[in-house]
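Here is a brief report on a protein model and its ligand. Look at the strands first, then at the ligand shell.

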Amino acid sequence: MDSGIGDRFQTGTKYDRDRIIRERPERGRRPARHKIYSDVEKIVLPEPERDGGTPLWRTIRQRRSVRNFGPEALSLPELSQLLWAVQGVTGRINAFALRAAPSAGALYPTETYLIVNSVAGLEPGIYHFDAENHALACLRKGSFAREASAAALGQHMAARAAVVFLWSSVFDRAKWKYGQRAYRYVYLDAGHIAQNLALAAVALGLGSCQIGAFFDDELNELIGLDGENESVIYLSVVGCPGS
Ligand SMILES: Cc1cc2nc3c(=O)[nH]c(=O)nc-3n(C[C@H](O)[C@H](O)[C@H](O)COP(=O)(O)O)c2cc1C
């Protein structure tokens, strides 16, 4: 059977009893655990709720992809709650932070960026989520709704949503431990994160949809990522459901 790059990836990253030992990577210096943008404007987010909320079974039952959004803005507490559900710090082992979504080896290679179209009290622009400080770093101000939609293969929901969540992976963080096998795990990690967002959106009476179809390097350029060491791998949009 003809094998394309996906087939070769799947075969080439399999563990077998020989390979798991043979391919254990040489561990050099550990990459930084998370990104901090210095010398940019920081917005400390409101404290998220850590208890209560909409019952879980109902939330799971009600989740559907929402692609039509009304003009209503998200509130800052709603955005804060969504970000906490996505990657908030929910535990610590000594100084080491554990996050809301699981991550292979607790390496947390995923970074969260936002294209904010409409959030009350927050200027439209591009932001990075600093999970340790539950804060946003402002990377660029301005409306990027048109660019977001164009980069998502013209899907209008990226322009109409209140917020576009972009998840990048810093591949070396996971490759440091898992070598090439890390490329499986970074996508699994992002899936967990996106599901947390989808459920949190329902719990807040909001709608969301995942987006896997996008021009990778258009988004990398928008955010300022090199696309090799760190690249956008997944998106979700969130907003108030429209009629
Ligand atoms: C990895 C992934 C990528 C997706 N990409 C898109 C997308 O680019 N555009 C879109 O409209 N929906 C996208 N979706 C949403 C699916 O189409 C949707 O989940 C599916 O039709 C099932 O419907 P439901 O989410 O309402 O249960 C994606 C979902 C996943 C899990």
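## Strand pairing and ligand shell

Six bridges pair strand S5 (residues 125-130) with S6 in the antiparallel sense. The model is a predicted one. Within this pairing, glycine 125 has lysine 141 of S6 as its bridge partner. S5 and S6 form a hairpin with four residues between the strands. There, histidine 134 takes a positive phi near 45°.

S6 (residues 135-141) also runs antiparallel to strand S1 (residues 42-44), and three bridges join the two. Valine 44 is bridged to alanine 135 in S6.

Now the ligand. Which residues surround the ligand? The shell consists of Arg63, Arg64, Ser65, Arg67, Gln155, Met157, Cys209, Gln210, Ile211, Gly212, Ala213 and Tyr234. By class, five of these residues are nonpolar, four are polar and three are charged. Strand S8 (residues 207-211) gives the most to the shell, with three residues.

| Residue | Ligand atom | Distance |
|---|---|---|
| Arginine 63 | oxygen | 2.9 Å |
| Arginine 67 | oxygen | 2.7 Å |
| Glutamine 155 | nitrogen | 2.8 Å |

How much of the ligand's accessible area does the protein cover? On its own, the ligand has 620 Å² of accessible area, and the protein covers 55% of that.

Definitions and conventions. Residues numbered from 1 in each chain as written. Predicted model: local features only at pLDDT ≥ 70, side-chain atom pairs only at ≥ 80, totals over all residues. Heavy atoms only, no water. Near = heavy atom within 4 Å. Polar contact = N/O pair within 3.5 Å; in protein donor to acceptor, adjacent residues only side chain to side chain. Areas by Shrake-Rupley, 256 points an atom, 1.4 Å probe, with all protein chains shown as cover. Nonpolar A, V, L, I, M, F, W, Y, C, P; charged D, E, K, R; others polar. Pairing = 2+ DSSP bridges.
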